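Open the model in your viewer and keep the selection panel at hand.

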Amino acid sequence: MTAPAPLLFEGVPLGRREAAPLTLAVPAHAAVALLGDEDSGLGRLGGYALGLERPPGGRATVFGTTIADLPERERLAFRRRVGYLPAGDGLLQNLSLRNNVALPLRFGSEASPKEIDGRVNVMLVAARVTSAANLRPAQANDEERRRAAFARALAFDPALLILEQPFDGLTARTSAELLELARGGESAEGARRTILITGQELPPGLHRRVEHVYRRTRAGALELETV
């Protein structure tokens with residue numbers, strides 16, 4: 001029996017009313033970029049996948065499960081398998097970058113404070129944001145905030161990662177570094193994590209580390225981009 005795709009959208013209406021619904025399977029161990037105009041509606045896919053809201057039609061499944069259909073306790077537990085970086089960074093302004101990274105671990109796990117501190121330290125080092133860890137988001141620069149947001153999205157070492165406009169405003173070098181962090185290393189099958197990237201453009205040089213790059217047309221079709 002074939003395992004279900006880690007992330008699958010089937011007949012999900014997006015953006016313009018006249019556009020065809022989106023159907024897309026994100027294969028395991030691959031990074032997929034889905035690009036489109038500002039009004040393409042792609043920014044809603046993360047919320048649909050995580051069950052934060054229901055699509056107006058079709059369905060979104062994660063590892064074969066519609067998260068929105070789960071009881072609340074199971075829904076919260078299931079989301080630990082999915083790392084999510086919303087557009088911008090989604091950091092809480094009243095917390096330091098360190099405490100932003102720690103937040104999902106404190107409220108979504110039974111780990112001890114010592115274990116959480118250890119995991120946070122590992123992620124801050126991996127994201128190269130240790131020197132700014134005690135700053136609040138308003139005190140940090142754009143790159144530091146984005147690095148902290150990546151560290152938070154990876155706090156549970158998820159198998160699936162959904163990134164919304166993750167590289168906007170970053171240099172090509174920083175974008176490439178954060179993409180490698182997101183991939184989590186390589187295996188015989190490909191990237192250790194499955195990744196969906198949504199946005200308007202992909203920074204130069206990243207195409208070679210993203211297995212599939214699609215652009216959604218105004219009519220809703222998906223066109224495969226090649227370099």
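**Stop 1: helix H5**

The buried residues of H5 pack against strand E5 (82-85), H3, H4, E6 and H6. Keep in mind that this is a predicted model. To see the helix itself, select residues 142-153. H5 has 12 residues and reaches 17 Å from its first C-alpha to its last, close to the 16 Å expected at 1.5 Å a residue. Nine of those 12 residues are buried, so H5 is largely enclosed by the rest of the structure. Colour the buried ones: Arg145, Arg146, Arg147, Ala148, Ala149, Phe150, Ala151, Arg152 and Ala153.

**Stop 2: the largest nonpolar core**

Next, select Phe150, Leu163, Phe167, Ile197, Leu202 and Val210; of the 39 residues in the largest nonpolar core, these touch the most other members. At least two residues of this core come from each of strand E3 (31-35), helix H3 (97-108), helix H4 (113-126), helix H5 (142-153), strand E6 (160-164), helix H6 (172-183) and strand E9 (194-199). Which element gives the most to this core? It is H5, with five residues.

Now centre on Leu202. Leaving aside neighbours within four places in sequence, Leu202 is in contact with Ala33, Leu35, Phe167, Ile197, His207, Val210 and Val213. Another core, of 23 residues, lies apart from the largest one; select Leu7, Val12, Val62 and Leu196, which are among its members.

**Stop 3: Val120**

Go to helix H4 and pick out Val120. Is Val120 buried or exposed? Its relative accessibility is 1%, and buried means under 20%, so Val120 counts as buried. Show the residues around Val120: not counting those up to four places away in sequence, it touches Arg98, Val101, Ala102 and Leu105. Draw a distance between the C-alpha atoms of Val120 and Ala102: they are separated by 6.0 Å, although the two residues are 18 apart along the chain.

**Stop 4: the cavity**

How many cavities of 30 Å³ or more does the structure hold? There is one. The largest cavity has a volume of about 40 Å³. To find its place, select the lining: Gln165, Pro166, Phe167, Asp168, Ile197, Thr198, Gly199, Glu201, Leu202 and Pro203. Coloured by type, these lining residues divide into five nonpolar, three polar and two charged. Phe167, Ile197 and Leu202 are in this lining, and they are also among the residues that touch the most other members of the largest nonpolar core.

Note on methods. Residues are numbered from 1 along each chain as its sequence is written. This is a predicted model: local features need pLDDT of at least 70, side-chain atom pairs count only at pLDDT 80 or more; totals for chains, interfaces and linings use all residues. Side-chain values use heavy atoms; hydrogens and water are left out. On a 1 Å grid over the protein atoms alone, a cavity is a set of points where a 1.4 Å probe fits but cannot get out, and a pocket is an open set with protein on both sides within 12 Å along at least five of seven lines; lining residues have an atom within 4 Å of a point. Grid points are joined across faces, edges and corners, and a volume is the space filled by probe spheres set on the points. Ala, Val, Leu, Ile, Met, Phe, Trp, Tyr, Cys and Pro count as nonpolar, Asp, Glu, Lys and Arg as charged, and the others, Gly among them, as polar. A nonpolar core is a set of buried Ala, Val, Leu, Ile, Met, Phe, Trp, Tyr and Cys residues joined through side-chain atoms within 4.5 Å. Buried means under 20% relative accessible area, exposed over 50%, partly exposed in between (1.4 Å probe, protein chains only). Helices (H or I, at least four residues) and strands (E, at least two) are DSSP runs, numbered from the N terminus. Contact means heavy atoms within 4.5 Å. The expected span of a helix is 1.5 Å times one less than its number of residues.
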